[in-house]
Protein chains: 2
Amino acid sequence: MKIAEVSEQYGISSDTLRYYERIGLIPPVNRDGGGIRDYNELDLRRVEFIKCMRSAGLPIEVLIEYVGLVQRGDNTIEARKEILIEQRRQLVARMKEMQKTLGILDHKIAAYEKAVLKAEREILQAQDLMGQG
Amino acid sequence: MKIAEVSEQYGISSDTLRYYERIGLIPPVNRDGGGIRDYNELDLRRVEFIKCMRSAGLPIEVLIEYVGLVQRGDNTIEARKEILIEQRRQLVARMKEMQKTLGILDHKIAAYEKAVLKAEREILQAQDLMGQG
DNA sequence: CCTTGACTTGGAGTCGACTCCAGATGATAC
DNA sequence: GTATCATCTGGAGTCGACTCCAAGTCAAGG
């Protein structure tokens, strides 16, 4: 699969895909005869994983470290686990903050809704008084 | 309340507090005789609101617009409501992505846990065979 | 054969959000 | 009265994460 298709399929620009590879976030993708990247199944799974992690705000640096450990193989399992646990912890913390913010937004939206309704009622009343309702 | 105390209390640097004021994210704070900022109750509530919104990832630009509308007063209620609804929508979307990522992290952590346990069992077995367990 | 279009590279530019700095001011401590 | 300290300002610098660009290569179409 060529880079444009991957870009299309995952909603990640070709520039970003190449950038991820440059900085070692995705291991080098195989090339066809003309030097053009040809993403295989494994590459695609990696792209998807990175996309997922990035969308949740995991920093690129941490992901590079994690990916590096995966490449280094079996005796890095404990270290990888620790990274994921720490990132999970931070993720949950962020989600908790967002949950709080969501509550406040809901509260405010409800208040504005009330204010709008009140304003509308007042307009109707005014029209009544003027005999236009 | 002086800026250092506010910074301390909310975990926002003085630089950031001044920056927020500069860009209009927080309306100008009153000064004492010597031109030093003196945050009052209302200022503090504004700081807290901004902190909360920022922690959930709402962009500064949007918050500036919102704060501007609040300053402009009553006939901006509908517009403010629309902003909050849109931001709420995006927030929920982000949280959903994060929820998905959380699931994958949990899955991977569990798999690593299993791998670690397996490795430990194998070490124990090897020790048994060598008569060291 | 030449153009078109997708791809390549390394490097530079952008963007959002701070963060830092130099130089000035004013209150307090010695 | 001078040193220390927190504060002030405007402007510059940094950082993470892309995003864009110029110049080059190659396969396919007319």
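Which residues is Val6(A) in contact with, leaving aside its neighbours within four places in sequence? Select them now: Met1(A), Leu17(A), Tyr39(A), Leu44(A) and Val47(A). Two residues are in contact here if their C-beta atoms, placed from the backbone, lie within 7 Å.

Before moving on, some housekeeping. This is a predicted model, in which local features need pLDDT of at least 70, side-chain atom pairs count only at pLDDT 80 or more, and totals for chains, interfaces and linings use all residues. Residues are numbered from 1 along each chain as its sequence is written, while chains are lettered from A and ligands numbered from 1 in the order in which they are written.

**Stop 1: around Val6(A)**

Stay on Val6(A), which sits in helix α1 of chain A. Helices (H or I, at least four residues) and strands (E, at least two) are DSSP runs, numbered from the N terminus. Val6(A) counts as buried because it has 20 C-beta neighbours inside 10 Å. The cut-offs: buried takes 20 or more other C-beta atoms within 10 Å of the residue's own, exposed takes 12 or fewer, and partly exposed is in between, with C-beta atoms placed from the backbone.

**Stop 2: the whole of chain A**

Select chain A and colour by secondary structure. You get five helices and zero strands, running α-α-α-α-α from the N terminus on. The radius of gyration of chain A is 25 Å, well over the 14 Å that the globule rule gives for 133 residues, so the chain is more spread out than a compact globule. That radius is taken over C-alpha atoms, and the rule is 2.2 Å times the number of residues to the power 0.38. Line up the principal axes and the C-alpha trace of chain A spans about 80 × 40 × 20 Å. Buried residues make up 19% of the 133 residues in chain A. Among its contacts with a separation of 6 or more, 51% are between residues 24 or more positions apart.

**Stop 3: along α5(A)**

Next, pick residues 77-129 of chain A, helix α5. Its 53 residues should span 78 Å at 1.5 Å a residue, and its end C-alpha atoms are 77 Å apart, which agrees. (The expected span is 1.5 Å times one less than the number of residues.)

Leu129(A) counts as exposed because it has 9 C-beta neighbours inside 10 Å. Its C-alpha atom and that of Leu102(A), 27 residues apart along the chain, are separated by 40 Å.

**Stop 4: the two chains together**

Bring in chain B. A rotation of 180° with 0.0 Å of shift along its axis superposes chain B on chain A, with an RMSD of 0.0 Å. That is the relation of a two-fold axis. Copies are superposed by least squares on the C-alpha atoms of residues with pLDDT of at least 70 in both. To find the axis from chain B, centre on Met95(B), whose C-alpha comes closest to it of that chain's residues, at 3.2 Å. The same surface serves both copies, as 100% of the contact residues of chain B recur in chain A.

Now select the contact: 28 residues from chain B and 28 residues from chain A. On the chain B side, α3 (41-55) and α5 (77-129) each supply at least two residues, and α5(B) has the largest share, 24 residues. That side divides into 16 nonpolar, three polar and nine charged residues. Ala, Val, Leu, Ile, Met, Phe, Trp, Tyr, Cys and Pro count as nonpolar, Asp, Glu, Lys and Arg as charged, and the others, Gly among them, as polar.

**Stop 5: the DNA strands**

Finish with DNA strand D, surrounded by 18 residues. The closest are Tyr19(A), Pro59(A), Ile60(A), Ala4(B) and Arg37(B). A residue is near a strand if its C-beta atom, placed from the backbone, lies within 6 Å of it. α2(A) gives the most to this surface, with three residues.

For DNA strand C, select the nearest of its 17 residues: Lys2(A), Ala4(A), Arg37(A), Tyr19(B) and Ile60(B). Here the largest share, three residues, comes from α2(B).
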